[in-house]
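Reader: I would like to go through this model with you. Could we begin with the overall fold and then turn to single residues?
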Amino acid sequence: MKKSLLVIIGALCLVSCKKFLQEYSPTDVIPKSTHDFGEILYYDGYPTASTLLQPWMVFLDDDTQGYTGPLMAHSNAPLLPAPIFQWQPDMEPATAATGNAINFNTWSTYYKLLLGVNVALQYMDNSTGLQADKDQFKGEAYTLRAFYHFMLVNIYAKPYNDSLTIPDKSPGVPIRKTADLSDAFLRRNTVKEVYNQIVSDLDSGIYLLDKYKVNREYYRVSHVAAHLLASRVFLYMEDWDKAISHADEVLRYHPQLMDLNTWGGMPDTENKMLIGPSNIESIWNYGQGEEQLPNTYSEAYDISYDLVNCFEENDLRRQTGFYINPEFMKEFLTPDFSQMKNVPSVSGHSAELTNSWRSSEAYLNRAEAYIQKYRKTGDGNAAAQALVSLNTLRANRIDRASFTPWIVKPGDVLLQMCRTERRRELYREEAHRWFDLRRYGMPSIKHIFTPNQVTVQVFRLPARDPQYIMPIPTDVLSRNPALTQNPLFAGKRLPE
């Protein structure tokens, strides 16, 4: 090695190596074994229980609404995230000016994780250890690298399937594949180049993880998780056959679904949760639940009437997914609804407060891809396969006494049914709804903002508005002059 790994890590302020400093003598702190690098990958390449990735994004989509009530009479809770909720072009400095300490620098958070992943990939082959272990750790690392680039390009660039341009002409994000120090400033690769790298990394990760098909702990990436990410990526790329193929692979090994007919009430942190490691659908869990519960969420914001109204009356997710707060509780609770997917643990089980990849997404990815094939070709078998996935999922979500399987409809109708089902199933998980709105064509959506008990304002995000692509953080731009900022909405956004 030209430079010791510890120097690289220390200079980049990325990898703490605290575990190694505790376990090894001062003359032997440079990682050498495969398991050493596996530990580096776990501690610095994975989001930990203290990692917040994009908590501010909870305020962007149409599943969130602002509320007011007596508790807000002397509270600034509605105002703290207001610039985000209103899609203001200066949301970063404007939010800071309200006193909200939310971290906007999601860009740097992901690139820090990328460098941690790249350390493992760059040095794993020359470590001492079993080849099977090297393959496993590298497979995890490739999958994580694909995931981080996927999140970055969907936050800070146009959708891959944008109707007015092509991905090889749209500026994406810089591709980061090395842990080496360099004086060169990274430029933005195109959206196409970023997705090509994502696919390449997924191919490598799946090849290595499929060799052994190890059942990993819920907090480590497995071959099933890699296939689930691939099904998501190819769905976004509109490669329907590959989206289906990878979803099929997920369901071959992890078809489990919660049967809400057996729950008998709301989730609890002791026995059953809608997301998290105790949920039988969970494939990979990471980070923390505060991702969906940032400052002031649940105080002055929560799920929207627009979301609640899309649930059918016999949908058991109405009973398990959120409370309808009665009027007499307005003294104690401001929102009209309280979501129950991300809830504080009453038993101290903080591990439950995580982001989850679940098998239900594979059913939805598979169904949507088959519907798109049906729309394109009129293939009735594709429609039938889509309905198999949708009805399997819904049979576990709808009251058994009144469940009626869906039947074939015209392609556009079936697609809308599938997209609504996806919204019902995946709300307040990762950034699914925001990313879905983007790939659906960036439609116009609205937010109801209530700064006090006598004021109701409506802010609208027009179709294809510039704020569907997030601005690169100012700190990042100041450190890297090679980057170009995304176009912003001109002027301050005013209520209707």
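Reader: Among contacts between residues at least 6 apart in sequence, what percentage join residues at least 24 apart?

Author: This is a predicted model. In its chain, 75% of such contacts join residues at least 24 apart in sequence.

Reader: How many helices and strands are there in the chain?

Author: The chain has 17 helices and eight strands. Its radius of gyration is 23 Å, close to the 23 Å that the globule rule gives for 496 residues, so the chain is as compact as a globular protein of that length.

Reader: What does the C-alpha trace span along its principal axes?

Author: The spans are about 65 × 55 × 50 Å.

Reader: And what share of the residues is buried?

Author: Of the 496 residues, 58% are buried. The chain exposes about 20,200 Å², and carbon and sulfur atoms supply 53% of that area.

Reader: Turning to charge, how far apart are the mean positions of the positive and negative charges?

Author: They are 5 Å apart, for 51 positive and 57 negative charges.

Reader: Let us move to the backbone. Where is Lys213 found?

Author: Lys213 sits in the loop between helix H8 (191–212) and helix H9 (223–236). Its phi is near 50°, a positive value in a residue other than glycine.

Reader: You mentioned H9. How many of the residues of H9 are buried?

Author: H9 is mostly covered, with 14 of its 14 residues buried.

Reader: What should the residues of H9 span at 1.5 Å a residue?

Author: The 14 residues should span 20 Å, and the end C-alpha atoms of H9 are 20 Å apart, which agrees.

Reader: Which residue with a positive phi follows H9?

Author: That residue is Glu238, with phi near 65°.

Reader: Is Arg428 buried or exposed, and why?

Author: Arg428 is buried, because its relative accessible area is 4%, and buried means under 20%.

Key. Residues numbered from 1 in each chain as written. Predicted model: local features only at pLDDT ≥ 70, side-chain atom pairs only at ≥ 80, totals over all residues. Heavy atoms only, no water. Helix = DSSP H or I, 4+ residues; strand = E, 2+ residues; numbered from the N terminus. Rg over C-alpha atoms; globule rule 2.2 N^0.38 Å. Buried < 20%, exposed > 50% of the residue type's maximum accessible area, 1.4 Å probe, protein only. Contact = heavy atoms within 4.5 Å. Areas by Shrake-Rupley, 256 points an atom, 1.4 Å probe, with all protein chains shown as cover. Lys, Arg positive; Asp, Glu negative; His and termini not counted. Charge placed at Lys NZ, Arg CZ, Asp CG, Glu CD. Expected span 1.5 Å × (residues − 1).
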